[in-house]
Amino acid sequence: MTRTLFTNIGQLVTNDEQARDPLGLIADAAIVIDNERVTWVGSAAAAEVSGGHDIDHVVDCGGRAVIPGFVDAHSHLVFAGDRATEFEARMSGAPYSAGGIRSTVRATRSASEGQLVDLLEHRAHELLRQGTTTFETKSGYHLDVAGEPLACKIARGVTDEVTFLGAHVIPAEYGGRGHEEARVIGTREDYVDLVCGAMLEASAPHARWIDVFCDEGAFTVAEAQRVLEAGMRAGLVPRLHAAQLAPNSAAIALGVQLGCASIDHCTYLTDDDVTLLASSSTVVTLLPGVEFSTRSPYPDARRLIDAGVTVAISTDCNPGSSYTSSMAFCVSLAVREMGMTTAEALWSATAGGARALLRTDVGRLVVGARADLVELDAPSYVHLAYRPGVPLTRRVWKNGVVVAQTIG
Ligand SMILES: [Zn+2]
């Protein structure tokens, strides 16, 4: 047993649901952790008075703020190559479409397993350094029976939250974009059969989640339903990409009806969609890095929150539409561009992400939670949005162990 006391915390964000304010803020706070779990939370003065915690180590936070580690509930980190040229073209006026994924598919298929593991581990460390202690990531850049299970297996090496996304786009050899230059071996129906059959069967043992990109240029609502139901029969839990490029009430209704933990993007929602989502337990995960990187209109988070929808914020880190792994940057965007308060944005990037992954052990710092803490180089969490682009992560603990620090 190793007990550590974190004290002299100027501002502690607990996300304690019992607290009066949504972030469960405690000023001049302390926390005790016992190995990988939080065992005590309160004021620094009370920690001193109660003594008797049998402390092995003391961490002095010097009056700085401490927040729960970020929970990034949506990323695509298993890939090779990048699409900087496509980004540059888009910033010069070219439109975004879902079809650009195929260049990443080419690069990913031609990379070796060792290369993919190295790339993924590098990215996982990049997330940790920025305070993300829990993240979901997906397959979806192989789009074949050998590669998709491999991507899920590799992902499982860096996170428990692995999503099988064989239904990312229709690959060129099944008539998807770029089929003019490919050897076509089947129809899109054949591809959906494969996703629901051999690909799912081989991927499911490595995955927790099933997902579909249900949008213009990707999969139809009927195809999404087939894939999600097949995944659920294989023991996976459903989540969905929908309404990124255009309104899609049928996709939103499908996601709610199947009990998706989260529907992600939701940039275009009708009033009826918002009402339906508010009456459900499905989280809406907003991905403002996408709107930033595709120069598109942002979703209206204010409208969702005011209607009672549970909102998460994630990066969607991927080489095409949002190549940022910074949750702090997404918090800034959410505040500046989507009508959220800084408190709401931080909640959505921590506790909200945990809800989107059906997790109760992360995203908050309460007794029993995982000891995933981020010490900010700032006196208050507000600095996350107030100082956009500034690296404010001073030290990061995951399961009670320091995994990143910017001080000697
Ligand atoms: Zn995505």
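Strand 9, helix 7 and strand 10 form a right-handed β-α-β unit, where right-handed denotes that, with the strands pointing away from the viewer, the path from the first strand over the helix to the second runs clockwise. Helices (H or I, at least four residues) and strands (E, at least two) are DSSP runs, numbered from the N terminus. The model is a predicted one, in which local features need pLDDT of at least 70 and side-chain atom pairs count only at pLDDT 80 or more, while totals for chains, interfaces and linings use all residues. Residue numbers start from 1 along each chain as its sequence is written.

Strand 8 (residues 161-167) pairs with strand 9 in the parallel sense over 3 bridges, and Thr163 has Trp209 of strand 9 as its bridge partner. Strand 9 also pairs in the parallel sense with strand 10 (residues 237-238), over 2 bridges; here Trp209 stands opposite Val237. Strand 9 and strand 11 likewise run parallel and are joined by 2 bridges, with His241 of strand 11 as the bridge partner of Phe213.

Burial was assigned from the number of other C-beta atoms within 10 Å of a residue's own, with C-beta atoms placed from the backbone: 20 or more for buried, 12 or fewer for exposed, and partly exposed in between. By this criterion 6 of the 6 residues of strand 9 are buried. Both faces of the strand are covered, with Trp209, Asp211 and Phe213 buried on one side and Ile210, Val212 and Cys214 buried on the other.

Pro238 lies in strand 10. This residue counts as buried because it has 24 C-beta neighbours inside 10 Å. Contact between two residues means that their C-beta atoms, placed from the backbone, lie within 7 Å. Not counting residues up to four places away in sequence, Pro238 touches Ile210, Leu228, Gly231, Met232, Leu258, Gly259 and Cys260. Pro238 and Gln18 are 220 residues apart in sequence, and their C-alpha atoms are 29 Å apart in space.

In helix 8 (residues 249-257), the buried residues are Ala251, Ile252, Leu254 and Gly255. They lie on the same side of helix 8 because they cover an arc of only 160 degrees around the axis, the arc being that of the directions from the helix axis to the C-beta atoms. The elements covering these buried residues include strand 9 (209-214), helix 7 (221-233), strand 11 (240-242), strand 12 (262-265) and helix 9 (271-278). Gly259, which follows helix 8, has a positive phi, near 75 degrees.

Helix 3 (residues 101-109) has Ile101, Arg102, Thr104, Val105 and Thr108 buried. Viewed down the axis of helix 3, these residues fall within an arc of 155 degrees and so line one face of the helix. An α-helix has 3.6 residues a turn, so residues three or four places apart point the same way.

Asn35 is found in the loop between strand 2 (25-34) and strand 3 (37-43) and is partly exposed, with 13 other C-beta atoms within 10 Å. Arg295 is found in the loop between helix 10 (288-294) and helix 11 (301-307) and counts as exposed, with 11 C-beta neighbours inside 10 Å.

The protein chain is divided into domain 1 (3-69 + 363-405) and domain 2 (70-356), with bounds from an automatic or database domain assignment. The C-alpha centres of domain 1 and domain 2 lie 31 Å apart. Their contact takes 23 residues from domain 1 and 23 residues from domain 2. On the side of domain 1 that touches domain 2, at least two residues each come from strand 5 (65-68), helix 15 (383-386), strand 16 (393-398) and strand 17 (401-405). Strand 16 gives the most to this side, with 3 residues. By class, the side of domain 1 that touches domain 2 has 15 nonpolar, 5 polar and 3 charged residues. In this classification Ala, Val, Leu, Ile, Met, Phe, Trp, Tyr, Cys and Pro count as nonpolar, Asp, Glu, Lys and Arg as charged, and the others, Gly among them, as polar.

Key: Pairing = 2+ DSSP bridges.
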